[in-house]
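Reader: I have a structure open and want to learn how to read it. Can we take it feature by feature?

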There are 2 protein chains.
Amino acid sequence: MESRSQRLALITKIIQNEEVDSQDKLLQILNSKNCSVTQATLSRDLKLLKVFKRPTRDGRYLYSLSNAAPEQKPNIAKSSSSMDGFLSMEMSGNLAVIKTVPAFAQPISQAIDDMDMPSIISTIAGNDTILVVIRNGFTGTNVAQDFAHYFPEIANKIK
Amino acid sequence: MESRSQRLALITKIIQNEEVDSQDKLLQILNSKNCSVTQATLSRDLKLLKVFKRPTRDGRYLYSLSNAAPEQKPNIAKSSSSMDGFLSMEMSGNLAVIKTVPAFAQPISQAIDDMDMPSIISTIAGNDTILVVIRNGFTGTNVAQDFAHYFPEIANKIK
DNA sequence: TATCAGTGTGCATATTTATGCAGCCAATGT
DNA sequence: ACATTGGCTGCATAAATATGCACACTGATA
């Protein structure tokens, strides 16, 4: 085996047909097929091929070709206007209820979750309403304070 | 941050929202969010979540949630537990809040409703959060017990 | 021919990730 | 109460993977 491109093709075939979980293992298979390289070169080959280790159902990781791997959608960056559409917030027991302009509940809910406020377990959003679940040991006042701190632009809309 | 399941939920969120390419980097982000663990624990967490490093178009590798990989989706129903994607459950007053891997809230919510647990009136699900409304006369402890009974595989994720 | 640029490689080592082991803690059984 | 079990963790270190550097080879160019 002399050329790199031939070796790359061979690697592709091996990864498709066998359960390879380390470069050393791949190295052995290649050696047994008359192809002699070092682990360092293999590492570079795999990067060229965009090979990656995929999790299996039983908790292992095996090398896999990335042809089908889609780009992960990055979340839209938060802007200073992430509270656009916020209308009001009112406390009720261990819940805070936020009303928004219709269709704005989801993005606002996401923005709130992203802040990881200590007083909030999580939020859940419909179309124009968000439920904010307050963590045990905190009060609506705590939540109001946290909101005023993280989102000062809506501090005056909290009851 | 005290419980492992909560940390797992936080990790999924970080991996979705940021470009993480090493456990050390993830470690720093967690630390900045008041969550202190070692790299060793992180390695175990990532294996539990079946996180893997996905190749990007520009030749880098970033951590990614394996449940977002589409080729695995068609098989989920037949070969996975209905509690796949369940991350954590925390009580708050007459509610229990379940955090899931994104997009898993709806099916898990359905599975819970289907059990007709005596301690639960109903559930409502967003994208990665489920609210469980506890029936009058029951407590969060009752709900936790019911969950442990009906879904023993997630008993250890209940706070 | 001489020189240069680019590619490919091994070696040694750095970086990154995984794990054996022991200890802690909470839950459970006797 | 005491012992036991199992989950979770950190520490130290092993295992796995990536890379800086030097060198060899090729093809293009003056």
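Reader: How do strands β4 and β6 of chain A pair, and over how many bridges?

Author: Start with the general idea. Strands of a sheet pair through backbone hydrogen bonds, either parallel or antiparallel. Now the case here, in a predicted model. Strand β4 (residues 95-100) and strand β6 (residues 129-134) of chain A are antiparallel partners, with five bridges between them. Follow the residues across. L95(A) faces V133(A) in β6(A). V97(A) sits opposite L131(A), also in β6(A).

Reader: What joins β3(A) to β4(A), and in which sense do they run?

Author: Count the bridges, then check the direction. Six bridges link β3(A) and β4(A), and the two run antiparallel. One pair to find is M89(A) with its bridge partner I98(A) in β4(A).

Reader: How many residues lie between the two strands of that hairpin?

Author: Two residues separate β3(A) from β4(A). Check the turn for its backbone angles. There, G93(A) has a positive phi of about 60 degrees.

Reader: Which residues make the nonpolar surface patch?

Author: L87(A), V101(A) and F104(A) make it, with an area of about 230 Å².

Reader: Why does L87(A) count as partly exposed?

Author: Use the cut-offs: buried is under 20% relative accessible area, exposed is over 50%. L87(A) has 46% relative accessibility, so it counts as partly exposed.

Reader: Now the whole chain. How many helices and strands does chain A have?

Author: Chain A has five helices and six strands. Along the sequence, the pattern reads α-α-α-β-β-β-β-α-β-β-α. Of the 159 residues in chain A, 40% are buried. The accessible surface of chain A is about 8700 Å², and 50% of that belongs to carbon and sulfur atoms.

Reader: What strand order does the open sheet of chain B have?

Author: In chain B, four strands form an open sheet in the order β3-β4-β6-β5, with antiparallel pairing. The edge strands are β3 (86-92) and β5 (120-125) of chain B. The twist averages 20 degrees from one strand to the next. Between β5(B) and β6 (residues 129-134) of chain B there are five bridges, and these strands run antiparallel. Within that pairing, S122(B) has V133(B) in β6(B) as its bridge partner.

Reader: Which helices pack on the sheet of chain B?

Author: Mind the numbering. Helix α5 (residues 105-115) of chain B packs there, at about 165 degrees to β5(B). Helix α6 (residues 140-150) of chain B packs on the sheet too, at about 155 degrees to β3(B).

Conventions
Residues are numbered from 1 along each chain as its sequence is written. Chains are lettered from A and ligands numbered from 1 in the order in which they are written. This is a predicted model: local features need pLDDT of at least 70, side-chain atom pairs count only at pLDDT 80 or more; totals for chains, interfaces and linings use all residues. Side-chain values use heavy atoms; hydrogens and water are left out. Two strands pair if DSSP finds at least two bridges between them. Patches are made of residues with over 30% relative accessible area and no salt bridge: like charges are joined within 9 Å, nonpolar side chains (Val, Leu, Ile, Met, Phe, Trp, Tyr) within 5 Å. Accessible areas come from the Shrake-Rupley method with a 1.4 Å probe; for residues, only the protein chains shown count as cover. A salt bridge is a side-chain nitrogen of Lys or Arg within 4 Å of a carboxyl oxygen of Asp or Glu. Buried means under 20% relative accessible area, exposed over 50%, partly exposed in between (1.4 Å probe, protein chains only). Axes are lines fitted to C-alpha atoms, for helices over the stretch in contact, and angles run from 0 to 180 degrees between N-to-C directions. Contact means heavy atoms within 4.5 Å.
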